[in-house]
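Good morning, colleagues. I should like to walk through one structure with you, strand by strand and helix by helix. Please have the display in view as we proceed.

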Amino acid sequence: MRQPTARPFTLFVTCASLLIACGQTNTTQTPTASSTTSPSSAASPTASSAGTLAAIPIGIGVAQTSNVALLGQEEVAGAKIAEKYFNDKGGIDGTPIKLVFQDTGGDEQGAINAFQTLINQDKVVGIVGPTLSQQAFSADPIAERAKVPVLAPSNTAKGIPQIGEYIARVSAPVAVVAPNAVEAAMKQNPKIKKVAVFFAQNDAFSKSETETFQKTVKDKGLELATVQKFLTTDTDFQSQATNAINIQPDLIIISGLAADGGNLIKQLRELGYKGIIIGGNGLNTSNVLSVCKALCDGVLIAQAYSPEHENEVNKAFREAYRGQFKKEPPQFSAQAFTGVMVFVEALKAVNAKSKVTTQPLADLRTNLNSQLLIGKYDTPLGEISFTPEGEINQKAFYVAQIKMDADGVNGKFVFLK
């Protein structure tokens, strides 16, 4: 049995920096999500006249508002595609799944509120969420104490699975993914020597990711010339950007989120930096293109997902996403789809032993957690499984480069060979 470890120290984002009120959640449907189901989660799962569940509720606790919404809305989209896909295939041996959405916003309190509602009011069997590692360190212990399984769709910071035995992730840890981008940059420019690193000091994921990036830079024999800090709520990076440019770096690495990271890229380019830029996982979304526009061109980002991965479920996922959004599916959508898929496949395995619709909720949650950790899954991310501790085992990783169209508005992620 996994033992919970002490929760790491986290820095808190101020209420004033958010677009929602602290201590509240929002269940309004995100404008980028499909309309296959309503995200409203005011009511608990309905029961049939025989007392069995008419639908099996799975919680989706991600950021639909705040400065994190650019990422969370992609997770909502991926989860909704999964809901339709698996219900069209019969759900859990004839019983449909029902996704229950709660908005975590962008801070810890929002995630705590969302998880408490999903667990105690919505009575979900498990939760896919939250969006940020920073939120996970506060919200996941609530699920752990309630013995509700959690699958993290985008929490890549060190220490997430160690929060407890009911916490696992389908998002590969940053220590595995991030070094690939540095290697790709060195292939593009073998003369790289000086490196400047930027990171959001108020975000647990960014702090964890920058440690990996900085270690990789040193391990590759490169010079870590400067480390510049910022906040995820910042919009003006003139001082940090100028400080970095003055040392004439050959490579700049940014660990932040889409909005702040995109603005930082824009300002670096406007100030005259022409070298290679690596964006961390927080910039791994096509939504960043609307922030830095034409100046996004050329940015390298390591990936845990490729739309071109060849298996049946990814082909179906890709087709559904492209049909709805007219663009390639991003990593965050694929990981949210995968989180729902793991719950569905594990529920089927549990159901084969004892009907999930009649099990007491506490028993079902425990049985589901035990089953999902021992399963193997062929997902849009490729074949995955879990360690006994809840860490993902994943084989395939990639690096993509942003290529902007001539209009400077539209663009895409081009995967490097």
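This is a predicted model: local features need pLDDT of at least 70, side-chain atom pairs count only at pLDDT 80 or more; totals for chains, interfaces and linings use all residues.

Let us begin with strand S8 and strand S9, residues 276-279, which pair in the parallel sense over four bridges.

Strand S6, residues 194-200, runs parallel to S8 and is joined to S8 by five bridges. Here phenylalanine 199 has serine 255 in S8 as its bridge partner.

How many of the residues of S8 are buried? Five of the five residues of this strand, 251-255, are buried, so S8 is largely enclosed by the rest of the structure. Both faces are covered: Leu251, Ile253 and Ser255 are buried on one side, and Ile252 and Ile254 on the other.

I turn now to the open sheet of five strands. Its order is S2-S1-S3-S4-S5, and the pairing is parallel. Strand S2, residues 97-103, and strand S5, residues 167-169, stand at the edges; each has a single partner strand, so one side of each is left without a neighbour in the sheet. Helix H2, residues 108-121, packs on this sheet and touches S1, S2, S3 and strand S4, residues 150-152. The direction of H2 makes about 150° with that of S2. Further in, strand S1, residues 56-62, and strand S3, residues 127-128, pair in the parallel sense over two bridges, with isoleucine 60 opposite valine 128 in S3.

There is also an open sheet of three strands, ordered S11-S12-S13, and its pairing is antiparallel. At its edges stand strand S11, residues 376-379, and strand S13, residues 392-394; each has a single partner strand, so one side of each is left without a neighbour in the sheet. On average, neighbouring strands here are turned by 30° against each other, direction ignored. Strand S12, residues 382-386, is joined to S13 by three bridges, and phenylalanine 386 has isoleucine 392 in S13 as its bridge partner.

Across S11 and S12 lies helix H11, residues 331-353, running at about 135° to S11. Does the length of H11 agree or disagree with its residue count? At 1.5 Å a residue, its 23 residues should span 33 Å, and the end C-alpha atoms are 33 Å apart, which agrees. Of those 23 residues, 18 are buried, so H11 is largely enclosed by the rest of the structure.

Leaving aside neighbours within four places in sequence, leucine 347 is in contact with residues including Ile56, Ile58, Ile92 and Val125.

Is asparagine 369 buried or exposed? At 5% relative accessibility, asparagine 369 counts as buried, the cut-off being under 20%. Leaving aside its neighbours within four places in sequence, asparagine 369 is in contact with Pro149, Glu165 and Tyr166.

Conventions
Residues are numbered from 1 along each chain as its sequence is written. Side-chain values use heavy atoms; hydrogens and water are left out. Two strands pair if DSSP finds at least two bridges between them. Contact means heavy atoms within 4.5 Å. Axes are lines fitted to C-alpha atoms, for helices over the stretch in contact, and angles run from 0 to 180 degrees between N-to-C directions. Buried means under 20% relative accessible area, exposed over 50%, partly exposed in between (1.4 Å probe, protein chains only). The expected span of a helix is 1.5 Å times one less than its number of residues.
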